[in-house]
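Okay, thanks for coming, everyone.

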Amino acid sequence: MNTALPLSASLDVVLPEGATDPGAAAPAARPAAARRRAVVVLAGLAVVLGGVVLLAVGIGAVRIAPAQVLAILAAHVGVALPWEYEVQQALVLTGIRLPRVLMGVLVGAGLAVSGAYLQGLFRNPLADPGLIGVSSGAALGAASMIVLGALVPGAMASVLGAFGVAAAAFAGGLAVALLVYRLATRGRTTSVTTMLLAGIALNALCGAGTGVLVLLSDDGQLRDLTFWTLGSLGGATWGALAVVAPLVGAALLAAPRLARALNVMLLGEAEARHLGVNTERTKRRVIALAALTVGGATAVSGLIGFVGLVVPHLGRLLLGPDHRVLVPASALLGAVLLVAADLLARTVVQPAEIPIGILTALAGAPFFLALLLRRQRTAWSAS
Amino acid sequence: MMRRWMGWMMGWLVVLPMGLQAQPATSEPATSEPVRGVDGVATRVEDTRRLVTLGGAITEIVYALGLGDRVVAADASSLYPPDVLEKPRLGYYRQASAEGILAQRPTLVVAPEGLGPPAVIEQLRAAGVPVLLLEEAHTVEAAVHRIRTLARALGRDAAGEQIVARMEAELAAARPQQGAASPRVLFIYARGAGLVNVAGRATAADAVIRLAGGENVVTAYEGYRPLTAEAAVAAAPEVIVVPQRGLESLGGVDGLLRQPGLALTPAGRQRRVVAVDDALLLSFGPRLGEGVLRLSRALRSERPAGEEGGRR
């Protein structure tokens, strides 16, 4: 365990910005002004999300005018509006576009909230859902099904074809996250540092496994695999939505209780224990929620990088490190980013599509850098 | 706690498939003359005025049947005839966009069985657009079947039979005489130096080499693998076949022979390199016979560094 000491020391050095500010980390000391600001920003983000969702529902390769969108949606709840529309427009809106936009909301929120939880738990701004092995495990699972699924005979194959890759990705992601957790747990305590290192090792191992499958794959399988790793919301259906919604919902519902514990744990694990926080339970919950949410999101949309890593930072730059506001802010920001990225993905080169993973990075990275630089400038001018 | 977590996981593993499972494709009633796709779904084609074709071979067949003017959009792998490049491009057929296809208002979508993601097929059919899926296999039988199925679906049986007859005649002409030696062939797929792959068994290239009366020297593996110098020398090919675009990316025959090991092979020493048009030869479309015949002649010509193999 010699190596663990310097590493955990260095982890403390790279605490999320503001964590060293006891006023921000201790919930009781939050001044009323900060609370007002949080409410205003969160409400603003909710409005922005609503706007982006409306925009995304209204725009696409098939032209559907805003009035027609309203009429189609109203018809579904039994209200007849005077605007006329074609049957195919209604089918596109309710069968393709609407589930896709809602999937963007769920996946974006899920990835971002998981990122916020994990960065809090690891007290490391570089933490993202990939760190506990979910992404690489999901990739290995998906690759196995894409490449070896062809070997499954007859009737099984046709059943597997439709959802096999998603199920394998979900199972792979959870299995590797569980393994990472188990490796880092001795008796009743889990070492966050060991978890981080075990995650790195298992990521490498999964990468090697995926590499072997790439070697075995034929042209078509290789294409499928490559597209899967770039992510897409193109497979969104109401059924898939119903599977992912409870997973993301659970992660959000747990926020109030987890946020308090994570706030205190920013002071250090021992300190948090002394203050009465059940740190082991918090670790288990964060890992389980992140693994389930990211596993579910990855199963239906492939690998979408960047959201889980950077969105919590955007939230922190806007509202500070208090997890009670950071988690909902991350959820809203993640949803906005992903719905907007998907809107671009399916319209910029229409009738073709750009893989969304390219766009989340392309759109989010410069925005993040700009915020980072502005914050740095104000910090310097203030000191 | 761990136990509960695992219980959750198991629960989700059971629920996930149910949520994601595609609705079973319902076969349409066989009233007029439905055409059965490779997925077993019978498609009754009533309107062929607006066709969306995906996959190079399928697009070529539709054009060869004389219905190119009805193609309203095609995918990124549809490169021939040049006319199709002017039409809306739908991305690659394995990552198609349901809404992008529907926006073309197709009356029929024809695609290889690999059309994906799977939800796209479901979404297109749910929107009332017939989707005819055809087998992708790189065999003459599959190529013939593709042509006949499409011809029947589009009401052009006679034109389809004409294409098949011509293809079969060309393939027969390409077949080597009894007792003729089979040249030993190495097929190289290149995208610039350092990105040089060699075709093994179960590839389109392997099938085409055999149809042209050659023998693929790589029998140790399936698919494409990176070129290794020693394996190339040990395989001792008499002819190297390479797509024209790949040859250009390497800087011509001289560049190709600078790849590790190739200069030491019999083909390298005699500079027997055949450049082919891979869109013509490897898509197993309606021009398969023409491509194989050209390759067959090139394999047997004594001229070094020939470029007649399969050039348009």
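So, Arg271(B) sits in the loop between helix 11 (266–269) and strand 12 (273–276) of chain B; helices here are DSSP runs of H or I with at least four residues, strands are E runs of at least two, and both are numbered from the N terminus. This is a predicted model, where local features need pLDDT of at least 70, side-chain atom pairs count only at pLDDT 80 or more, and totals for chains, interfaces and linings use all residues. Residues are numbered from 1 along each chain as its sequence is written, chains are lettered from A and ligands numbered from 1 in the order in which they are written, and side-chain values use heavy atoms, leaving out hydrogens and water.

Back to that arginine. Arg271(B) isn't a glycine, yet its phi is positive, about 50°. Its relative accessible area is 35%, so we call Arg271(B) partly exposed, with buried meaning under 20%, exposed over 50%, and partly exposed in between, using a 1.4 Å probe and protein chains only.

Ala236(B) also has a positive phi, about 50°, without being a glycine. You'll find Ala236(B) in the loop between helix 8 (229–235) and strand 11 (239–243) of chain B. Ala236(B) has 27% relative accessibility and therefore counts as partly exposed.

Now, the cis peptides. Tyr80(B) to Pro81(B) is cis, with omega near -5°, and Pro81(B) is in the loop between strand 4 (71–74) and helix 3 (98–102) of chain B. Over in chain A, a cis bond joins Gln350(A) and Pro351(A), with omega about 5°. Pro351(A) falls in the loop between helix 15 (323–347) and helix 16 (356–382) of chain A.

How far do we trust chain B? Its mean pLDDT, the predictor's confidence in each residue from 0 to 100, is 86, and 86% of its residues reach 70 or more. Within chain B, helix 1 (residues 2–20) is lowest at a mean of 55, and strand 3 (residues 51–53) is highest at 97. Residues 18–31 of chain B stay under 50, and the model gives that stretch 20 contacts beyond four places in sequence, a contact being heavy atoms within 4.5 Å.

On to chain A, which has 16 helices and two strands. Of its 383 residues, 54% count as buried.

What about the cores? A nonpolar core is a set of buried Ala, Val, Leu, Ile, Met, Phe, Trp, Tyr and Cys residues joined through side-chain atoms within 4.5 Å. The largest has 133 residues, and Met103(A), Val107(A), Tyr117(A) and Phe122(A) have the most contacts inside it. Helix 5 (residues 87–122) of chain A gives the most to this core, 18 residues. Take Val107(A): leaving aside neighbours within four places in sequence, its contacts are Leu233(A), Ala297(A), Val300(A), Ser301(A), Ile304(A) and Leu338(A).

A cavity is a set of points on a 1 Å grid over the protein atoms alone where a 1.4 Å probe fits but cannot get out, and lining residues have an atom within 4 Å of a point. Which residues line the largest cavity? Its lining includes Arg100(A), Asp342(A) and Glu353(A) from chain A, along with Gln95(B).

How values were computed:
On a 1 Å grid over the protein atoms alone, a cavity is a set of points where a 1.4 Å probe fits but cannot get out, and a pocket is an open set with protein on both sides within 12 Å along at least five of seven lines; lining residues have an atom within 4 Å of a point.
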